[in-house]
Amino acid sequence: MRTIAITAGKGGVGKTTLASNLSISLNKMGFKTCVLDANFTAPDLGTHFGINADTTLWDVLEGKEPIEHAIYGHDCGLHIIPGSTGVENFKQGTYKKLKRKIRTLKYDFLILDTPPGLGDDAISALGPAKEILVVANPEWTSLSNAYRVYKTAQKMKKNVLGIILNRHLAHEYEPDSGTIEKFTGLKVLGEIPEDVSVRRSIAVQNPVALSYPDSEATLEIEKIAARIGGIDYKRRLSVVHRFLNFFGLFA
Ligand SMILES: Nc1ncnc2c1ncn2[C@@H]1O[C@H](COP(=O)(O)OP(=O)(O)OP(=O)(O)O)[C@@H](O)[C@H]1O
Ligand SMILES: [Mg+2]
């Protein structure tokens, strides 16, 4: 099982958006996938999917329920382990416990959504994962903090796959991917555009890969999934969809 933590140096850059939609895409491509909310600070994964969980990861960590009871099977085939919306907080040892609990899971991919930054919780959340995917917005504040997370993950001997640039606008003031690779030493694995479909999908609590499957954001996330899964990816938007997307008519 490949366990990948989605991490970032800052909050609100798109970790949960990437974790949920990447998982949907990997699952769609035939990889048995589960996405788990390992962000105890802001556990938003259930909200992104519109899940109101009775049993959460917290019940599992408290030893009240086996992990299988906290798995929600989504209609799209993806398995989801939501976090608690209560006020339970990270404690020393929480992520070590999590690492033990996930050992029994059998998936091709287990994707972990994690807390932001470089606090104790965010660093410990990398513990259960073997591989790390860093998310940042294409601006220097976000990138310099992403770099710090990258270096921390490297010290922890994690395999850092690369960086995903989210909310990419291709404006002249944004550093380009070549400059970012040079500055961070991280491979740019994808550039997800700023796309109103993402915000609309969160409003209806149905991730963009499901609610707007032909949006620009979904297409880029699918390319990232194919890259990570090591498969050939062919799907393209029709000219009509590109035209409508350009004018914001399709999304
Ligand atoms: N590509 C995008 N285009 C437009 N809006 C986006 C995009 N990605 C994310 N957003 C917006 O940014 C908000 C924050 O995204 P998300 O919840 O994924 O960030 P996060 O890094 O998980 O935040 P936190 O650090 O709180 O866990 C979303 O609610 C959405 O409105
Ligand atoms: Mg989040």
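User: Is His 171 buried or exposed in this model?
Analyst: Good place to start! This is a predicted model, in which local features need pLDDT of at least 70, side-chain atom pairs count only at pLDDT 80 or more, and totals for chains, interfaces and linings use all residues. Residues are numbered from 1 along each chain as its sequence is written, while chains are lettered from A and ligands numbered from 1 in the order in which they are written. A residue is buried if 20 or more other C-beta atoms (placed from the backbone) lie within 10 Å of its own, partly exposed in between, and exposed if 12 or fewer do. Because His 171 has 8 other C-beta atoms within 10 Å, His 171 is exposed.

User: Where is His 171 placed?
Analyst: Helices (H or I, at least four residues) and strands (E, at least two) are DSSP runs, numbered from the N terminus. His 171 has its place in the loop between S7 and H7.

User: Is Val 134 buried or exposed?
Analyst: Val 134 belongs to strand S6, residues 131–136. There are 27 other C-beta atoms within 10 Å of Val 134, so Val 134 is buried.

User: Which residues is Val 134 in contact with, leaving aside its neighbours within four places in sequence?
Analyst: Two residues are in contact if their C-beta atoms, placed from the backbone, lie within 7 Å. With those neighbours left aside, the partners of Val 134 are Thr 7, Ala 8, Ala 146, Val 149, Tyr 150, Val 160, Ile 163 and Leu 186.

User: At what angle do helix H6 and helix H7 pack?
Analyst: Axes are lines fitted to C-alpha atoms, for helices over the stretch in contact, and angles run from 0 to 180 degrees between N-to-C directions. The axes of H6 (residues 140–155) and H7 (residues 177–184) are 10 Å apart, and the angle is about 45°.

User: Which residues come nearest to ligand 1?
Analyst: A residue is near a molecule or strand if its C-beta atom, placed from the backbone, lies within 6 Å of it. Around ligand 1 there are 21 residues, and the nearest are Gly 11, Lys 15, Thr 16, Thr 17 and Val 198.

User: Which elements give two or more residues to the shell around ligand 1?
Analyst: Both helices and a strand take part here. They are helix H1 (15–28), strand S7 (159–168) and helix H8 (196–203).
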